[in-house]
Amino acid sequence: MKVLGILVVIMVSLVSCTKKSQVNDDTIYGVIDANIKGLDPIQAADNYMIKAVSQIYEGLYHYHYLKRPLQLEPQLAESLPTISPDGLTYTIKIKKGVYFQDHEAFPARKGRELTAHDFIYSWKRLADASHKATGWWVFDGRIQGLNEWRQELSQGKVNYDSPISGLTAKDKYTLEIKLTKAFPLFEIMLALPPTFAVAREVVEKTGNEFLNHPVGTGPFLLKEWIRNSKIVLEANPNYRTELYPNEGEDVDRELSRLEDAGKKLPLAKKVVIQIMPERQPMWLSFARGELDHAIIPKDNYSQVFNGKTLREDIRKKGIQILNQPRPDVTFIGINMEHPILGKNKYLRQAMAMAINNQISIDTFYNGRGIPAQSPLPPGFRGYKKSYKKPYDFDLQRAQSYMIKAGFPDGKGLPTFRFELTNASSWSRQMGEFLQQQWAQIGIKIKLIPNNWPQFDKKLKSRQAEIFFMAWTADYPDSENFLQLFFSKNISPGPNNFNFVNRDYDQMYEKMSLLSPSPERLALIRKMVQLVNEEVPAIFLLHRVFRLPYQGWLRNYKEYPGINDFYQYLRIDLERKSKLKPKL
Amino acid sequence: MKSSVLKTHPSLNRLCHNPVALFSALMISLYLALALFSALGWIATDFQTIANDRSYQPPSWEYWFGTDLFGRNVLSRAIHATQTALLVGLFSTTLATVLGLFFGSLAGYFGGRTDDLVVWLYTTIDSIPYILLVSAFAFMLGQGILNLLIALGLTSWIQLCRLVRSEFMKHKAQDYVQAAKALGAGSRRQIFRHILPNVFHIALIQFSLIFVNAIKIEVILSYLGLGVEPGTPSWGMMIDDAKLELHQGVWWNLGAATFFMFFLILSVNLLNDSLRDALDPKWHRPTSSKN
């Protein structure tokens, strides 16, 4: 009887414990879908490392959390840079009163104030060839004297205290950067993780272990990191006063994303980022309410959606969907070095007109996509909603262009090889679809499944005849898409179409030296028109991701480029205690 | 003269009076007819016709096995896939049989070094798991129906080779071969004229076994993306499609592929059993020996 009594007491206390912890747990449970190699900003090249590093470290600039298209705003800088009229000298004021997180490397274990010298040290570290930093491309050849310093450092002629002509600290809070040549996108580079500020004392104290001991100025500090399992972050007590934005898009007001406007960041005290490379377990954890946001595996799509709308049972659980238009474009590329395809413009135009793009979007992307009229996704300079590409789906016109091309009904054409990026069923079905579309005008293709390295090799060695792939923006500027057609970038560079056009090159070179202006915009539009006329690529769509998140997660608006988003998120405890039992 | 011998040949007689054998032969002929007629374009002509507005229609009187992702008639595709299956089955099995007979008779008849070499070859190949081996061959040769049947042919001859080798060893020492040798028959004559006809029933039985296996492997390889070219109707490809569709309740691609596969494999297996009963005297059932 006594034992039974004790058992009852234990049971009751256990039940009340779990209930209590559910209600009070305002920790954010995030997820990254790949293993993280380390937390060193200069090595952050893939999306996953970037996401992890960006919670702890900060750069001079970052993007406004809510505004779209992305808008650059100061993070550690006080304001946007002052640029000299020749576009070569950038003067940047740094915020005062920014402190590093506490660490034993600092005197009395207290984090010290950030200065302009920290950026100079951090960027020298990025340039140090012995680190083999994956982020070096950001500054390579762009800052006066930095490449020379890199060279001389590897020869042992200079050290970290040697001056660099293009990088100087005018005073404790003023940074002056001199460029080798004008580069209007330079400030965008200053928002990329490799340029984030690290503290010299910590790097020197921890040595090779630095990548496991991140100490930054950001909203969170690393509490625990279990490799391939989870990263636990806690709010940084030294964090300066940064406030939740009070402006956004209309949709942010509708979805109550502006309710926290003016509140001190980070909103959450603790963030646990689970590392889950497998989609299926990720989805199951999300469905049990153990994750606050996730990715829907393709095969589980119909468990969540009824066609395009959310299923009733999912809606009842309070699960929300974030529609995320991607800054990308999927396309069919044509190798312009091919003796028939490259020389016959009418043939390429006919191929473009034979594809019913809407069917491919409905069939293969569950209707999630914006038909692409050019390489530029919505929100990029030069994108115009009313613009339509000149060679869109029109079967009759396609047939007449086949006659113009000299191959009526495809007579006399060989079977072309069509390279698929992988051997998945989805990819094969997409290939079969294109096979059928082109068969209508007599063009025959043979589908060749590859794995990614094989595919990449074929592109780089110019063996691919026709291929299917996507390009996602590295930074939010149209230049990143337009460089795909610049002749100096032909394979093994990113111009896998091997498209060479002198007019285009001239316009590109001119455009890349201009700052945003009507003149630059006009050039971009002309370039787009030229690419659409020559058809080295048939643009298909800009993808729209649908990311599910729990009804109790507030302010969720993840987007490529915005990596420090965890500081804006908050758990609505009332909703969580109401919704969690329903899962 | 010859025809009368055939007519009264006890094996054929036994086969013709076995209802199971007759049924399976009929079924196989039906499959052959389906393959032939669809290849000639007489039936199932709409296997490539796409109509995206009727994607994933469930089975109905118009479409017995429904439609697939692109609105193509699944029944027509399953019928066309018969061509692929039979083509792969027949050609790869012929190749494997020729190889098996060739190496088996060489090893069994000549013995010594030749035997060592052949035994070494087939034990080496046999030590590699079959699916891995055939995938490796298919991967090496690339995709396509021709490469697929070569890959299957090159990897399926071992069992036959082993059986033929042991039969040749046995027959070589028998009186009729010794007599032929004494009369001056050369190796070629002994092998082709005397021993081979007496071991041929083994090849016939093995043929049907390899045939069944080849059809199954084609399906597996196509499912894995190593089989026939994408776009060619194939049961394996249909099952691969079904992988993405089953959770939506679209079962008919899988249904049609397995339905067609089931009856073909069943028929060939039954015919194989009947053949073995008819050809191998040791396998006679007590009832049939009384007759």
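In which helix of chain B is B:Leu87 found? In this predicted model, B:Leu87 lies in helix α4 of chain B. Together with B:Leu32, B:Leu90 and B:Phe91, B:Leu87 forms a nonpolar patch on the surface. The accessible area of these residues together is about 350 Å². Helix α4, which runs over residues 74-110 of chain B, supplies the largest share of the patch, namely 3 residues.

The secondary structure of chain B amounts to 13 helices and 0 strands, and the pattern read along the sequence is accordingly α-α-α-α-α-α-α-α-α-α-α-α-α. Along its principal axes, the C-alpha trace of chain B extends over about 75 × 45 × 35 Å.

Chain B also forms an interface with chain A. The size of an interface is often given as the accessible area lost when the parts come together. Between chain A and chain B, the buried area is about 1,700 Å², with carbon and sulfur atoms giving 52% of it. In chain A, the residues that lose the most area to chain B are A:Arg428, A:Gln429 and A:Gln436, which together account for 30% of what that side buries. In terms of contacts, 19 residues of chain A meet 18 residues of chain B.

In one salt bridge, the side chain of A:Arg428 meets that of B:Asp240 at 2.9 Å, N to O. On the side of chain A that touches chain B, the elements giving two or more residues are α12 (357-364), α14 (425-439) and β17 (445-449). The largest share, 9 residues, comes from α14(A). By class, this side of chain A has 6 nonpolar, 8 polar and 5 charged residues.

Several backbone features of chain A were also noted. Most residues other than glycine have a negative phi, and most peptide bonds are trans. The peptide bond from A:Leu265 to A:Pro266, however, is cis, with omega near -10 degrees; A:Pro266 is placed in the loop between α7 (250-254) and β10 (270-275) of chain A. A cis peptide bond also joins A:Ser491 to A:Pro492, with omega near 5 degrees, and A:Pro492 occupies the loop between α16 (479-482) and α17 (502-512) of chain A. A:Arg462, although not a glycine, has a positive phi of about 60 degrees. The loop between α15 (452-460) and β18 (466-472) of chain A contains A:Arg462.

Technical notes. Residues numbered from 1 in each chain as written. Chains lettered and ligands numbered in written order. Predicted model: local features only at pLDDT ≥ 70, side-chain atom pairs only at ≥ 80, totals over all residues. Heavy atoms only, no water. Contact = heavy atoms within 4.5 Å. Buried area = accessible area lost by both parts, 1.4 Å probe. Salt bridge = Lys/Arg side-chain N within 4 Å of Asp/Glu carboxyl O. Helix = DSSP H or I, 4+ residues; strand = E, 2+ residues; numbered from the N terminus. Nonpolar A, V, L, I, M, F, W, Y, C, P; charged D, E, K, R; others polar. Patch = residues over 30% accessible without salt bridge, like charges linked within 9 Å, V, L, I, M, F, W, Y side chains within 5 Å. Areas by Shrake-Rupley, 256 points an atom, 1.4 Å probe, with all protein chains shown as cover.
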